[in-house]
Every structure is written in structure tokens, then in C-alpha cells.
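Trainee: I would like a close look at one part of this model. Please go step by step.

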Amino acid sequence: MSIGIDHSGRWSATRAARRRRAPRRARRLLVFLLAFGLVAAACGGDDDGGGSGGDGAAADGEPSGTLNLGYFANVTHAPAIIGVEEGLFEDALGDGVEVNYSTFNSGTEASEALLTGSIDATFIGPNPAINAFAESDGAIRIVAGTTSGGAALVVRDGIDSPEDLEGTTLASPDLGNTQDVALRYWLREQGFETDESGGGDVSIAPQDNADTLTTFRDGTIDGAWVPEPWATRLVLEGGGHVLLNETEVWPEGQFVTTHLIVRTDYLEENPEIVRGLIEGLLDAIDTANAEDPAEAQTITNDGIENVTTQRIDDATIQGAWENLEFTPDPIASSLEASKDHAVEVGLLEDVDLEGIYDLTILNEVLAERGLEEVEGL
């Protein structure tokens, strides 16, 4: 597999590398065209080309330009990974759009790449999206949901209730990230004080998820509020147990974990490209929600391995999958609440989120497919 370096200096899979893998539908279409001698006709004619400016449409009405798309090699980004691995984004966008992929390890990196123009759109968590919107004076828009759920507080033996947490040390992925905010807010509701330096009734130690597995095993920490697949790994490999699944604290058990954001100027200039991206995302969500999830899990695991060179254990990805819901609904109410929680624990200045959603294209595509429309704020 050919590997390139994206604008942020991170390793990223290039479109050319993905094309070598020949998505299944594309292979079937090529065989069909060859059989009837139509390849030359199908490839005939010139498009307007010329990058991603304008309205993103060629003279024949097909999208035209460039899309630089970011995502994470995490199971919580499964629809994004499936879209990349199966060529669903390219299929939906057509040959007139060049798609380049970049992968990131944190929401901060992804949002910085977006705001500096290195990428045009990215799959990302809720709190980094809030921060990007606030810091850029509205330069990003949330255009679709992707994943709900998939986070939990996993603790060691001997901790069986919130009361047992006093004096313990708990980890989160990063100061101010989505799970860090959720942990601090929940502890506050239980009557515990925390601070950013690790003091208080319960000490919070932000650290990389891979380090969390190590420190949990050796007893340096007593538990962690982490996303999948790390919650499942702490149970299966670290001997922990789930004290609280985050679905328990949200109405109907739904809260946004991953959604799709786009630079506002790119959305305004390239609505047809964004439409194709959303169509490809909906196809990927359908694959992720298949009645037999084994194939979707394998595709996702293949994609993670292609980026990280490491594969998730089958039992881990199966366990994590059960805690995730893949949906185009961005669950806007949970984003507003998450923002309020960050403000209450002192990690965010209050910000007005009016205008952060632009679900017009998503709802048009959903309506065309006979699906229920979704709401923003």
C-alpha cells in the first residue's frame, strides 16, 4: 500500500493507494463496461476540473474538484473507515472529484488542519467541533452525524459504586476532550471535586489511551473514562469492569461520539461535493448497520490496520461494536448539553452554538431515500 504524508505531517492513505484496492462495486462496473465495449464511451468528454472552487459541479452536473477528508483510525469512526476502504465516497462523488485522505490522532490536530485549510472536511468528536466553531467565529459547520455511544467508565476490582471513587485516580484521553468533560461533570454530580492539576477528591490524569491500558494494568490508575475500543480492552485485557456506561446518563441512551464537519467556505463553494460525501457516508452507515456485522467489523479492522499497522483483536472489536450506534443523526441536543457541561466544570467559556449545524443537504438526501429528517439546534 502506498503511503503519503498529509499537510499535518501525519501518515495518510492517498487516493491512489485506495484505488489500487479497487472497490468491489467499481470492479463489477468495470467488468460490465468491458463486456459491452463501453469503457471508451464512459470515459469520454472533458470535465471543467479546476480544483474545488466554484459550486463543485462540472458542466454535466457531476461534482468536480478536490476533497481533502480527515478521519481517525478508531472504531468510533467505523462508517468513515468503511467509506474509505470500500471506495464509497469515491463512488458517490464520481470521477470528477479527487479525494485525498488524512488520518489524525486527536480532535485538536484534525480541527487545526481544517481551520488552516489543509483539509476540507473531517470526522471528529463533539468537543473539538465546539472548540473549532468557537475559536474560528463559525468557520465550520456540522453537516451529518456518524456515531452515537461507545464510552464508559471502567474501574478495578473493589470499586462497585460511585462512593468507592473517593481518593482514586482516574484517567481520561486528554484534558478537555469529550470523555474528560463527561468524567468531570459526572463526578461533580456525584459530589466530588476535581481540578485540572489532578487534585481534588478524585484525581484525573489525562493520558493517551494506549498508556491508560498500561497504567491500569500496573495499578497506577484505578479506572478510566474512555471511548471504544479502549473501554472493552480495559475489561478484556486489564481485568476491569464497567462502573458506568455513558449511555446511562443520556436521554434514550443517545449522545454524539463522532460527526462530520466541513469548513463553512468549502460548503458554500462546493455543495455538490458535500452532497456526494454525505451520500457516501449514508452508504457506509448502511454497511455498518448490516444485520450480520461481521463483514463491517472486518472492513473496519482492515482500515485500522492499514493506518496503524496493528489489528484489533476480534473479541475486542465485537465487544466494542455492541456499544456503538451508527446514525446520520448528529444528536444535536447532546452537543448543546456537552457544551454546557464543559462550561460548568470550567473547561470552556460559554459559547453560542447557533449556526453550528447546516443539515440542509443531509435532510435532502434523507428525504430522497425515504428516511426521517433530523434536527439541529
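Are α8 and α15 roughly parallel or roughly perpendicular to each other?

Mentor: First, the ground rules. This is a predicted model, where local features need pLDDT of at least 70, side-chain atom pairs count only at pLDDT 80 or more, and totals for chains, interfaces and linings use all residues. Residues are numbered from 1 along each chain as its sequence is written, and side-chain values use heavy atoms, leaving out hydrogens and water.

Now the helices. Helices here are DSSP runs of H or I with at least four residues, strands are runs of E with at least two, and both are numbered from the N terminus. Helix α8 spans residues 178–189 and helix α15 spans residues 332–344. Their axes lie 9 Å apart, and the packing angle is about 65°. Axes are lines fitted to C-alpha atoms, for helices over the stretch in contact, and angles run from 0 to 180 degrees between N-to-C directions. α8 and α15 are therefore roughly perpendicular to each other. The cut-offs are these: under 35 degrees is roughly parallel, over 145 roughly antiparallel, 65 to 115 roughly perpendicular, and the rest oblique.

The crossing of α8 and α15 is left-handed. That term applies if the near helix is turned anticlockwise from the far one by less than a right angle; clockwise gives right-handed.

Look at the contact next (heavy atoms within 4.5 Å). α8 brings Val181, Tyr185 and Arg188. α15 answers with Ser338, His341, Ala342 and Glu344. By class, the contact of α8 with α15 holds 3 nonpolar, 2 polar and 2 charged residues. Ala, Val, Leu, Ile, Met, Phe, Trp, Tyr, Cys and Pro count as nonpolar; Asp, Glu, Lys and Arg as charged; the others, Gly among them, as polar.

Helix α4 (residues 78–85) packs with helix α12 (residues 271–288) at about 110°, their axes 8 Å apart. That makes α4 roughly perpendicular to α12. Pro79, Ile82 and Gly83 of α4 meet residues of α12, including Leu281 and Ala284. The contact of α4 with α12 has 6 nonpolar, 2 polar and no charged residues.

Charges pair up elsewhere. A search of the whole structure finds 14 salt bridges (a side-chain nitrogen of Lys or Arg within 4 Å of a carboxyl oxygen of Asp or Glu). One joins Asp222 to Arg156, with the closest N and O atoms 2.7 Å apart. Asp222 sits in the loop between α9 and β10 and Arg156 in the loop between β7 and β8, so the pair ties together parts 66 residues apart in sequence.
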